[in-house]
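Welcome! Here are a few exercises to work through with the model open beside you. Try each task before reading its solution.

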Amino acid sequence: MTEPVKGPASYFPSIEKKYGRPIAEWKDLIRSSPLTKHSELVSWLKTEHGLGHGHATALVAHTLAEDSGD
């Protein structure tokens with residue numbers, strides 16, 4: 001039996017459905033941004049790309065954790 005997805009990644013299906021972009025594309029945008037702090041990236045996604053707070057937070061948290069090796 002497959003374990004349910006937990007944490008930030010649990011938001012990914014709804015993010016793709018609502019905003020019409022694959023998660024890899026969002027991660028590429030985050031990584032290409034000159035911003036580096038979690039809160040700055042979340043604000044940027046909300047302001048520039050129209051994401052909701054929870055979706056932006058999930059994407060940033062997952063991407064930064066992935067990049068740090070956590």
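**Exercise 1. Work out how helix 1 and helix 4 cross, and which residues meet there.**

Solution. Please keep in mind that this is a predicted model.
- Step 1: Look at the handedness. The crossing of helix 1 over helix 4 is left-handed.
- Step 2: List the partners. Helix 1 brings Phe12, Ser14, Ile15, Lys18 and Tyr19, while helix 4 brings His55, Ala58, Leu59 and His62.
- Step 3: Sort them by class. This contact between helix 1 and helix 4 has five nonpolar, three polar and one charged residues.
- Step 4: Turn to the geometry. The axes of helix 1 (residues 12–19) and helix 4 (residues 53–68) come within 10 Å, crossing at roughly 125°.
- Step 5: Name the arrangement. Angles from 65 to 115 degrees count as roughly perpendicular and those over 145 as roughly antiparallel, so helix 1 and helix 4 are oblique to each other.

**Exercise 2. Describe how helix 2 packs against helix 4.**

Solution. 
- Step 1: Read the angle and spacing. Helix 2 and helix 4 pack at about 70°, and their axes are 10 Å apart.
- Step 2: Name the arrangement. Helix 2 is therefore roughly perpendicular to helix 4.
- Step 3: Find the residues. From helix 2 come Ile23, Trp26, Lys27, Ile30 and Arg31; from helix 4 come Leu59, Val60, His62, Thr63, Glu66 and Asp67.
- Step 4: Sort them by class. The contact of helix 2 with helix 4 has five nonpolar, two polar and four charged residues.

**Exercise 3. Is Ser33 buried or exposed, and what does Ser33 touch?**

Solution. 
- Step 1: Locate Ser33. This residue sits in the loop between helix 2 (23–32) and helix 3 (38–49).
- Step 2: Apply the cut-off. Buried means under 20% relative accessible area, so Ser33, at 11% relative accessibility, counts as buried.
- Step 3: Check the neighbours. Not counting residues up to four places away in sequence, Ser33 touches Leu41 and Trp44.

Definitions and conventions: Residues are numbered from 1 along each chain as its sequence is written. This is a predicted model: local features need pLDDT of at least 70, side-chain atom pairs count only at pLDDT 80 or more; totals for chains, interfaces and linings use all residues. Side-chain values use heavy atoms; hydrogens and water are left out. Axes are lines fitted to C-alpha atoms, for helices over the stretch in contact, and angles run from 0 to 180 degrees between N-to-C directions. Helices (H or I, at least four residues) and strands (E, at least two) are DSSP runs, numbered from the N terminus. Angles under 35 degrees count as roughly parallel, over 145 as roughly antiparallel, 65 to 115 as roughly perpendicular and the rest as oblique. A crossing is left-handed if the near helix is turned anticlockwise from the far one by less than a right angle, and right-handed if clockwise. Contact means heavy atoms within 4.5 Å. Ala, Val, Leu, Ile, Met, Phe, Trp, Tyr, Cys and Pro count as nonpolar, Asp, Glu, Lys and Arg as charged, and the others, Gly among them, as polar. Buried means under 20% relative accessible area, exposed over 50%, partly exposed in between (1.4 Å probe, protein chains only).
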